[in-house]
Structure formats: C-alpha cells, structure tokens
Number of protein chains: 2
Amino acid sequence: MTAVVTQPNWQAIAREFEAVVGKSGVVQRREELLVYECDGLTSYRERPAIAVLPRTTEEVAEVVKICARASVPFVARGSGTGLSGGALPIENCVLIVTSLMRKILQVDLENQRVIVQPGVINSWVTQTVSGAGFYYAPDPSSQIICSIGGNVAENSGGVHCLKYGVTTNHVLGVKIVTPEGAIVDLGSEIPESPGYDLTGVFVGSEGTLGIATEITLKILKTPESIRVLLADFMSVEAAGATVSDIISAGIIPGGMEMMDNMSINAVEDVVATGCYPRDATAILLVEVDGLEVEADLNSQRVAEICKKNGARNVTVATEADERLTIWKGRKAAFAAMGKMSPDYYVQDGVIPRTKLEYVLREIEALGQKFGYNVANVFHAGDGNLHPLILYNNAIPGALEQVEALGGEILKLCVKVGGSISGEHGIGADKRCYMPEMFSPADLETMQWVRLAFDPQGIANPTKLFPTPRTCGEAAQAHGQKVFEGIERF
Amino acid sequence: MTAVVTQPNWQAIAREFEAVVGKSGVVQRREELLVYECDGLTSYRERPAIAVLPRTTEEVAEVVKICARASVPFVARGSGTGLSGGALPIENCVLIVTSLMRKILQVDLENQRVIVQPGVINSWVTQTVSGAGFYYAPDPSSQIICSIGGNVAENSGGVHCLKYGVTTNHVLGVKIVTPEGAIVDLGSEIPESPGYDLTGVFVGSEGTLGIATEITLKILKTPESIRVLLADFMSVEAAGATVSDIISAGIIPGGMEMMDNMSINAVEDVVATGCYPRDATAILLVEVDGLEVEADLNSQRVAEICKKNGARNVTVATEADERLTIWKGRKAAFAAMGKMSPDYYVQDGVIPRTKLEYVLREIEALGQKFGYNVANVFHAGDGNLHPLILYNNAIPGALEQVEALGGEILKLCVKVGGSISGEHGIGADKRCYMPEMFSPADLETMQWVRLAFDPQGIANPTKLFPTPRTCGEAAQAHGQKVFEGIERF
C-alpha cells in the first residue's frame with residue numbers, strides 16, 4: 001500500500017486539464033488561487049496546486065481520470081461556505097470547482113422533482129418552483145450562496161429540518177463521478193430503489209467518495225398557511241421545558257429555534273428587528289405550518305404551552321412580512337457576532353432534547369473555565385446546538401484555546417448520548433473527535449466502504465476520518481487497520 | 001479469487017455451533033429442516049445443511065465466525081414471510097434463524113425510540129407503545145407475523161408508507177454482526193450521525209452485509225384523528241385521475257390503496273366486508289389523519305375530488321370499527337386469492353403515479369397474451385403495484401409462464417421510469433432483472449461495497465445481484481468484474 005511519492009509534473013497535468021476544459025477553466029497563478037485557500041472555516045488555510053472548473057459530468061470524469069492516472073489527490077469545492085473545512089485544499093492537490101456547473105437540468109412538477117448541477121445555489125431551487133406552489137425544504141442559513149453540491153457533501157440542515165429532514169431526505173438520486181473517473185448513477189427518480197442505498201451513503205460523505213454531477217431533488221408543496229410564534233422567557237429551563245412539551249404534545253413545528261440573551265442583543269445591535277426583547281434570558285421562535293385550520297389550532301396550542309411554562313409574551317405572526325422580520329434576526333445571528341467580537345468559532349453538536357438545560361449550563365461553565373463568552377443560537381427542536389465562542393485571533397494562542405473549548409463541548413454532547421456534528425460536517429475540523437463516537441470496528445467498516453469507492457485514496461484524503469498523521473494518538477486505536485493510502489497525503 | 005471447494009465437515013461445524021448456542025439451538029435432522037426450506041416465495045425450495053438459533057449478539061457473532069473460518073455460506077432468516085426468496089436457503093448453507101431473539105430491549109418514550117432484537121414481530125412494537133400514545137409506522141400486510149429483522153433486510157413497506165415512509169425511514173441505528181463476525185454499530189440513537197450513513201445501506205441489503213442483532217426504531221405519536229374513505233369508480237381511469245388529483249391538491253393521505261373488480265370480488269367472497277361494491281370497476285381506500293380539524297377538512301376535500309372524478313359513492317368511516325372493516329378487506333386481499341385460484345404469484349413493481357392508467361391497461365393486455373387472469377390490489381398513492389397472477393401449479397410449465405409474464409410486467413415498470421421492486425425485495429426472485437434498472441458501472445459499485453463488508457462472499461450469496469451462474473446472459477454485461485467470490489456457491 002505504500003506508494004513512492006514523487007512530485008507530480010504539474011505543468012503536464014495542467015496541459016491535460018486544458019485539453020478537457022479549455023485554458024480559461026484551469027487556474028494556476030498563485031494570486032488567483034488565493035480565493036480557494038479556505039472555505040467557511042477560515043482558521044485553516046492551504047493553497048491547491050491547480051484549480052479546475054469543469055462544466056459537465058463528462059468533463060468532471062476526464063479531470064478525475066487525469067488525477068487518478070497521476071495519483072494526485074483532488075478536493076471538490078462548491079461555493080466554499082462550509083464550516084468544517086470539507087472543501088479546504090490539501091497540500092499539492094487539484095481543486096475541482098463546480099461553480100460553472102449551475103444549470104437546472106429538469107423541472108418535473110408532476111413528479112415533484114428537480115434535477116440540478118452541483119453548482120446550483122440552494123435558494124434557486126425554491127425560486128424556480130415557487131410560482132407553481134412548490135419549494136425545496138433544506139434551508140441552511142447560507143442558502144442564498146451555498147451550492148447544492150456542497151449541501152449534498154455535508155448533508156446540510158437548516159431551520160426547517162425539524163419537520164422536513166435534512167438534505168439526505170430530499171435527494172432521490174445522484175449521478176456521480178467516482179474517484180476512478182467512472183460515471184455511476186446512485187438511487188433513481190423513484191423514491192425506493194432496490195439494491196444498496198448508495199445515495200444515502202454518498203450524501204454526507206464530504207467529497208471522499210467522488211463528485212456529484214447531477215442531483216435529483218424532491219420538492220414539496222408549499223404549505224397553505226404558516227404562523228411564526230416568538231416567546232420570551234426569563235430562564236433557559238423554562239424555554240427548554242417548553243420545547244419538550246411542544247414535542248410531547250405531538251406537534252411537529254416546521255422549525256423551533258432558541259436564542260440566548262447574548263445572541264438576542266447581538267442581533268438587535270446589528271439588524272434591529274425591534275421584536276426581540278433585549279432583557280429576555282432566552283427566546284423561542286416556533287413556526288407551525290399546514291392547512292389554515294391546522295396552523296391556527298397548533299399556534300394556539302404552542303402559545304398555551306409557552307404561557308404555561310412562564311413565557312412573558314407570545315407574539316404570533318401570520319403575515320409574510322411579520323414572519324420574515326422574526327426570522328431575519330435568527331438568520332443573521334452568526335454574522336451579528338462579528339460586531340460583538342473580532343472573531344468567533346461556531347460549534348455544531350447534537351444532544352437529546354431532554355438534556356438541553358443541563359448541557360447549556362455545562363457549556364456556560366466550560367466557557368467560564370476557559371475564559372471565553374459563549375453565545376447560543378440553535379435548532380432547539382432537534383437538539384442541534386450552535387455554541388458561538390467569541391475570541392480575538394490576534395491574541396497568540398487564542399485559537400488553540402478556543403478549539404480546545406470547542407472539543408470539550410463536543411465531548412459533552414457525546415457524553416449525554418448526542419453527536420459531534422449536526423449539520424456542518426466533520427471535514428478537517430472534527431476528524432480527531434470521530435473516535436469519541438465510533439468504535440475502531442465502526443470506523444474500520446467505514447474505511448472499507450471508502451476503499452470500495454476510492455482504492456487509491458485520492459478523493460479528499462485526510463478529511464472526515466482520523467489518521468495517525470492528522471490526529472496522532474486519537475487515531476491509534478484503529479491505526480493498524482486504517483486505510484493506509486490516505487496517509488500518503 | 002477462486003477458492004478450492006471441498007465439502008465442509010458438517011459434524012464438526014455442528015459441534016462448534018452447539019458449544020455456542022447449546023444442543024437445542026442446532027437443527028440438523030432432515031425432517032426438522034423441512035420447515036426452513038422456503039420463505040413466502042414458496043415456488044423456490046432448498047434445504048439448509050444446518051439451522052442455528054442464537055439468542056444474543058455475541059452468539060450470532062460466534063456462529064458467524066465459525067461459518068467464516070470454515071468458508072461456508074450463511075443465510076439469515078426471521079419469520080420467513082418474505083416474498084422474494086431473500087431467506088431462501090442456498091445449497092450447503094447454514095441458516096441462522098432469529099426466532100429466539102424476541103426481546104424488546106429498551107422503550108424510551110421521551111426520545112421516541114424502541115430498541116428490539118431482530119426476531120421481534122412487527123406488530124409487537126406498536127402494541128408495546130400504543131398505551132402511551134405512540135406507534136411504529138411501517139405496516140406490511142404480514143405485520144402480525146413478520147419480524148423486524150426481516151423488515152430491515154427487505155426495507156419493508158406497507159399501507160401507511162405513502163405518508164410516513166418505508167422501514168429505512170424508521171431505523172435510527174442498528175447493531176450488526178459483519179460477515180467476518182465483527183460487532184459493529186451503524187448509525188446512532190441520534191437521527192443524524194456523522195460519517196457514512198451505513199444504516200441506510202444496511203437496511204434493504206437483504207442479508208448480504210451481515211445480520212442485524214439490535215435495531216433502534218423510531219416511534220411516532222398516534223394521530224389525534226383518522227378518517228378512512230371508500231370511493232367506488234366505474235373506470236380505472238377515473239380512479240387513477242383521483243389519485244393524481246389528491247396528491248396535486250397537496251394532501252398526503254396516510255394511505256391510498258386501489259383494488260380492481262377481481263380483487264373486490266375475491267375479498268367479498270372470503271371476508272365479506274359488506275362495504276365493497278361488487279360491481280365497481282375499481283375502489284379507492286384513502287386514509288387521512290392528523291388533528292381532528294385537519295382530518296375533517298381533508299376528508300371533505302378528498303370526497304369532493306372523488307365525486308368530481310365520477311365516484312358513484314363515497315363513504316367516510318370515522319369510528320375505529322368502521323375503519324377496521326374497510327381495511328380488513330384490503331389486508332386480506334392476497335389470502336383471498338387462494339379461493340379464486342389454486343396458486344397465485346404476487347408481483348411488486350413501482351411506476352410514476354402519472355402512468356397508472358397506461359400501465360394497468362398494458363398489464364391486462366399482457367395477461368391476455370399469456371392467458372392468465374391478473375388481479376390488481378396496490379398502493380396507488382406511491383405507484384407501488386401488486387399484480388396477482390392467478391395460475392395452477394399442477395399444470396406443467398405454468399410456473400415458468402407465470403414467471404415470464406411477471407418479468408414482462410417488471411420490464412414495463414422500468415420502461416415507464418419505475419422500479420422492479422417496491423417493498424418485497426429482489427432476493428432470489430428478481431436478481432436477473434437488476435440489469436434492467438442498473439448499468440454495469442452501477443452494479444459494480446454495489447458489488448465493491450458488498451466486498452467491503454464481506455470479503456469472502458459468504459453472506460446470503462447468489463441473492464440480490466445477478467451472476468453469470470444464476471442469470472446467464474443477463475449478468476454477462478458486468479460478468480468480467482462481478483464479485484467472483486459468490487460464484488463459488
């Protein structure tokens with residue numbers, strides 16, 4: 001398995017790429033490559049050797065075959081908005097950028113599906129079909145800029161995933177180019193297809209199993225009616241109990257978000273919604289949808305549950321502009337942190353809903369121990385936390401401390417029966433925490449599946465899984481059997 | 001890859017099994033093995049060399065390790081109700097029977113999940129949690145006898161899968177024994193887990209990737225209110241248009257079933273519901289659920305759509321006993337065919353809803369061409385057809401003709417953009433039709449994944465995929481590269 005690594009002949013490889021995508025589709029100048037040296041996780045940076053911009057499935061296949069023949073690693077990149085370093089280049093890699101693959105290939109309203117190229121922006125899908133009364137459900141906060149290909153790679157979530165599920169629940173099939181350059185169709189246009197469900201494996205595989213070049217998405221009928229409730233609480237306990245009570249009552253809100261006092265004030269400073277009470281300890285935003293009668297009744301029931309748990313005020317927004325105002329603050333929350341602090345680090349972990357209160361208290365204690373403020377704004381309904389650690393990167397050693405604090409928060413999530421990632425992926429950021437959740441046998445099984453797709457280990461190597469080289473001791477447990485190919489890179 | 005096949009020393013292997021599960025857990029006498037020689041697809045029969053009945057994950061692991069050391073193939077079997085021969089023994093195999101693994105290991109209402117052993121019967125899950133207001137959604141017609149392990153292997157569906165999805169949508173995680181005898185946890189108790197979604201691959205893998213020994217199921221809140229509508233039509237066109245119109249109106253019924261005149265009469269002869277009009281060309285059964293106001297409004301809307309499309313009568317059942325009467329006929333439909341004909345063959349294919357009318361007409365024409373009556377009773381909402389071909393197995397050559405007719409129906413499904421299996425699996429029955437749906441590259445990718453789990457090819461070999469030996473020419477297209485290990489068996 002050990003390969004002799006010689007420096008690739010990049011000039012020759014570039015000429016091969018040019019023969020496939022033309023001169024304008026190959027980027028080699030150092031200053032032009034600068035824009036590709038990180039994704040949304042800006043604390044990690046690395047420049048690729050070459051960036052290539054194909055336009056079709058066939059061009060992607062040819063580009064990948066060139067990489068495979070030369071045994072050089074490649075990393076796929078959509079809009080570069082990912083938060084875990086999934087699209088971060090690795091040293092001496094080819095970056096395959098999908099930003100010229102932005103065609104909506106088919107709109108089939110009758111069968112409620114849309115086929116897109118991977119560079120298509122998330123919000124374009126809904127824009128395309130909304131006139132006919134449909135929408136595409138997964139809605140990451142970055143939806144006006146992030147690409148469907150990136151959403152597939154990271155199995156992205158969003159505010160409305162509580163009721164409607166994450167990306168994997170909305171991908172019917174995907175045409176991929178394997179790391180050997182073969183064009184393979186996973187899944188089909190029919191929801192349940194026989195054989196192994198490889199669509200499900202591919203979604204969330206973070207670029208390690210190949211590149212999606214055509215994605216068949218399920219679209220849903222726009223609900224007849226939507227209500228958004230804003231309730232404010234003087235304790236996190238009360239807000240947490242409300243979340244549990246709503247779910248226990250059999251109500252599945254379209255979305256159910258919590259923001260703490262620090263987030264509320266950050267948001268009001270920046271976007272001034274005017275409707276978030278600055279003195280509240282926590283607010284809940286609850287969206288209910290469905291038939292008019294259903295949304296009406298459920299919004300009454302949610303309001304009663306909020307009141308019973310001590311909410312000071314409950315506002316119900318019915319009209320579209322009122323609803324947008326309430327959501328505007330939530331959607332801008334990450335960006336608003338930029339005003340509070342020179343830098344922030346977003347963590348992404350999942351806990352059982354029932355542990356909400358305990359975990360938030362522990363996060364606060366951890367923040368105090370490390371000496372950092374932690375703001376909380378998150379998908380409360382599915383227990384998907386987003387602690388935002390505020391820090392100043394100009395202070396030497398701060399990033400390391402913040403990463404250590406982030407790691408402690410992840411371990412806490414696992415300890416209470418949760419997960420180290422809800423929707424941002426593992427990427428480069430969290431690979432060393434995988435052994436917290438998975439046994440050596442579990443990880444080894446995943447590695448064998450990786451090997452089934454990528455025998456050379458050239459597709460986004462070093463991401464997603466720990467290796468002795470990237471994680472040292474943490475990867476030792478399965479160090480003997482781990483797929484050795486990726487250790488080359 | 002070619003192994004020297006010598007006859008295994010079955011006596012020595014049996015003694016090893018006895019050391020793990022005790023003498024009573026090992027079945028070797030020919031007459032006792034008779035009960036295991038087929039599953040619900042009774043036209044295929046083969047006796048295993050030995051049947052073993054373990055009770056725990058550890059016992060399953062030891063049993064599989066014995067098979068792996070001896071390089072003998074094994075087949076897992078739950079209740080043996082499968083309809084595609086997935087649990088059919090192969091020559092000289094070990095049958096691993098899960099019928100002593102019937103413990104419900106954990107009931108966690110707060111987090112809406114139940115952990116069960118694979119031999120637990122489907123309907124027991126709902127029985128266990130219904131008092132607390134929950135239920136387990138997937139409901140195959142055989143739910144009072146089929147096992148959860150078998151449901152996982154075949155990714156079983158049922159009447160209520162239109163709204164709530166099939167088995168894979170309700171399995172959060174699964175502990176498996178791999179074909180090498182390792183105990184591996186796939187997925188987790190948290191709905192979205194990082195790394196590859198191997199739970200999704202395992203569900204529906206028909207015993208080829210290992211044996212599930214602990215399954216974590218999602219349970220749902222029982223809906224507040226349910227209505228079942230029965231509408232009768234004088235043309236299949238009208239019934240089909242009604243199905244499309246209901247979905248287009250944005251209503252997602254809990255279930256939406258169609259039965260043709262032959263099925264209606266077979267059912268009335270046997271269970272005498274008294275509510276299925278014998279002169280109708282087709283009836284639709286539509287269940288709507290949710291809040292009382294929602295079920296009320298949607299049942300009115302469905303009734304209007306039925307009337308608009310020419311339904312003669314629309315009955316709405318609100319009370320539990322009325323609803324059960326309507327469903328009783330549908331659930332007994334397959335069994336009722338036994339009165340109409342000495343034998344019947346159930347086909348299972350999927351088509352886009354929009355092609356319903358065309359495909360039913362073509363099926364009728366195919367039946368006439370081959371000279372057999374075909375009854376239709378099926379999940380109309382998701383286009384999952386179940387043509388029942390009536391024949392007499394005592395007539396030489398009849399089974400072969402019926403299988404050929406069944407194959408033509410499958411090809412028709414694929415031609416209109418559908419699938420060769422909706423919920424019964426591929427098993428031994430349909431493996432030769434896989435190349436109708438998948439390209440050689442698609443099938444090869446699945447084979448590599450199989451190899452990742454099962455390097456020796458001993459887990460339910462010859463099932464699910466075509467090989468030159470089982471399917472001749474049909475498998476030639478990928479004959480060169482197909483996983484050669486399974487050709488030994």
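Colleague: How many residues of chain B are in contact with chain A here?

Modeller: In this predicted model, 61 residues of chain B are in contact with 61 residues of chain A.

Colleague: And what area is buried between the two chains?

Modeller: About 4600 Å² is buried between chain B and chain A, and carbon and sulfur atoms give 65% of that area. Of the area that chain B buries against chain A, B:E192, B:P194 and B:Y196 supply 17%, which is more than any other three residues.

Colleague: Which helices and strands of chain B are on that side?

Modeller: At least two residues each come from the strand β9 (183-187) and from the helices α7 (198-202), α8 (236-248), α10 (292-308), α15 (434-437) and α16 (440-453) of chain B. The largest share of the side of chain B that touches chain A is that of α16(B), with nine residues.

Colleague: What is the make-up of that side by class?

Modeller: On the side of chain B that touches chain A there are 30 nonpolar, 22 polar and nine charged residues.

Colleague: Changing topic, what rotation superposes chain B on chain A?

Modeller: A rotation of 180 degrees, with 0.0 Å of shift along its axis, superposes chain B on chain A with an RMSD of 0.0 Å, which is the relation of a two-fold axis. Both copies use the same surface, as 100% of the contact residues of chain B recur in chain A.

Terms used: Residues numbered from 1 in each chain as written. Chains lettered and ligands numbered in written order. Predicted model: local features only at pLDDT ≥ 70, side-chain atom pairs only at ≥ 80, totals over all residues. Heavy atoms only, no water. Contact = heavy atoms within 4.5 Å. Buried area = accessible area lost by both parts, 1.4 Å probe. Helix = DSSP H or I, 4+ residues; strand = E, 2+ residues; numbered from the N terminus. Nonpolar A, V, L, I, M, F, W, Y, C, P; charged D, E, K, R; others polar. Least-squares fit on C-alpha atoms with pLDDT ≥ 70 in both.
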